[in-house]
Amino acid sequence: MDTTASDIRKLPFTDATRGLIYRLSTADDQAAMRMIDSSFVTDRAFHIECNASNLGSKDTGFAVDIKPVQLDRPLHKSFPDDSDSDSDDESSDCFTVVVEDTNAPSPDDAPTEYPSISGRLNKVVAFISAKFSSWNSRLIITDIEINPLYRRRGIGRSLISVAEKVGSARYPARHMWLEVSNVNYPAIQSYLKMGFKLAGLDVSLYIGTPAEGEFAIFMWKEIIQHEN
């Protein structure tokens, strides 16, 4: 059974079934968070077609068609380390929730996929970071990462629920918002299943970056107010 926002009344929260602890991050978690492998493999992506259309004798508009396409070969997408991504974590309008695996194996028994820090096993297996934008009451999901060994277990949905709960408790947030690349087909499918909708596109956002050639998809979701 997936963890829902109604289960999480306050942090830290323990998902006893999976042996996971959801808690607010500390400065000591930064190294562990950066070690999480955020890469993914996909054989599909979203493609955009923009066409000008004549609306009348003098007016010209445009039509946008976004559809999934099969790739010629599977894409293994890796993200560059952004050392500045957590620089605002101490701000009053930001927060990060990490997930720890209390059942993680010992360093001697752990497979090579489990990263370690100074000889200690990294028990932080996922996190979500968010920032509140006061002028439009928007909770922006700035980052969400899950260790590949822990994907497809409902942790992403749980993290979104936790962020929604924490965000609505701390701020007068009315909706959540996030950005995702068109090639991150698995994540987009997950967000759609969580109730996110298309908010817009930016075909120029990644120009001059390692992701040049991709375009940004913005998605949003209304925040459900929960009683405390």
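This is a short walk through a predicted model of a single chain, from the overall numbers down to a few residues.

**The big picture**

The chain carries three helices and twelve strands. Of its 228 residues, 43% are buried. Among contacts with a separation of 6 or more, 66% are between residues 24 or more positions apart.

How far does the predictor trust itself here? The mean pLDDT of the chain is 86, and 81% of the residues score at least 70. Look at the elements and you'll find strand β10 (residues 175-181) with the highest mean, 98, while strand β6 (residues 116-117) has the lowest, 48.

Eight strands make up an open sheet with mixed pairing, in the order β1-β2-β5-β8-β9-β10-β12-β11. Which strands stand at the edges? They are β1 (13-15) and β11 (197-202); each has a single partner strand, so one side of each has no neighbour in the sheet. On average, and ignoring direction, neighbouring strands of this sheet are turned by 25° against each other.

Now zoom in on strand β9 (residues 138-146). β9 and β10 run parallel and are joined by four bridges. Across this pair, Arg138 sits opposite His175 in β10. Helix α3 (residues 185-193) lies across β9, β10 and β12 (216-222), and it runs at about 160° to β10.

Arg23 belongs to strand β2 (residues 20-24). Is this arginine buried or exposed? Arg23 counts as buried because its relative accessibility is 17%, and the cut-off for buried is under 20%. Its side chain makes a polar contact of 2.8 Å with the side chain of Asp29. Leaving out residues up to four places away in sequence, Arg23 also touches others, including Leu11, Pro12, Thr96, Glu100 and Val124.

Ala126, in strand β8 (residues 124-133), is buried with a relative accessible area of 0%. What does Ala126 touch, neighbours within four places in sequence aside? Its contacts are Ile36, Val97, Val98, Val99, Glu145, Ile146, Ile155 and Leu159. Tyr150 lies 24 residues from Ala126 in sequence, with 8.2 Å between their C-alpha atoms.

**Two loop residues with positive phi**

Ser137 has a phi near 55°, a positive value in a residue other than glycine. You'll find Ser137 in the loop between β8 and β9. Arg152 is another such case, with phi near 65°, and its place is in the loop between β9 and α2 (155-170). What about burial? Ser137 counts as buried because its relative accessibility is 16%, whereas Arg152 counts as exposed because its value is 86%.

| Residue | Relative accessibility | State |
|---|---|---|
| Arg23 | 17% | buried |
| Ala126 | 0% | buried |
| Ser137 | 16% | buried |
| Arg152 | 86% | exposed |

Terms used:
Residues are numbered from 1 along each chain as its sequence is written. This is a predicted model: local features need pLDDT of at least 70, side-chain atom pairs count only at pLDDT 80 or more; totals for chains, interfaces and linings use all residues. Side-chain values use heavy atoms; hydrogens and water are left out. Buried means under 20% relative accessible area, exposed over 50%, partly exposed in between (1.4 Å probe, protein chains only). Contact means heavy atoms within 4.5 Å. pLDDT is the predictor's confidence in each residue, from 0 to 100. A polar contact is a pair of N or O atoms within 3.5 Å; within protein, one must be able to donate a hydrogen and the other to accept it, and residues adjacent in sequence count only if both atoms are side-chain atoms. Two strands pair if DSSP finds at least two bridges between them. Axes are lines fitted to C-alpha atoms, for helices over the stretch in contact, and angles run from 0 to 180 degrees between N-to-C directions.
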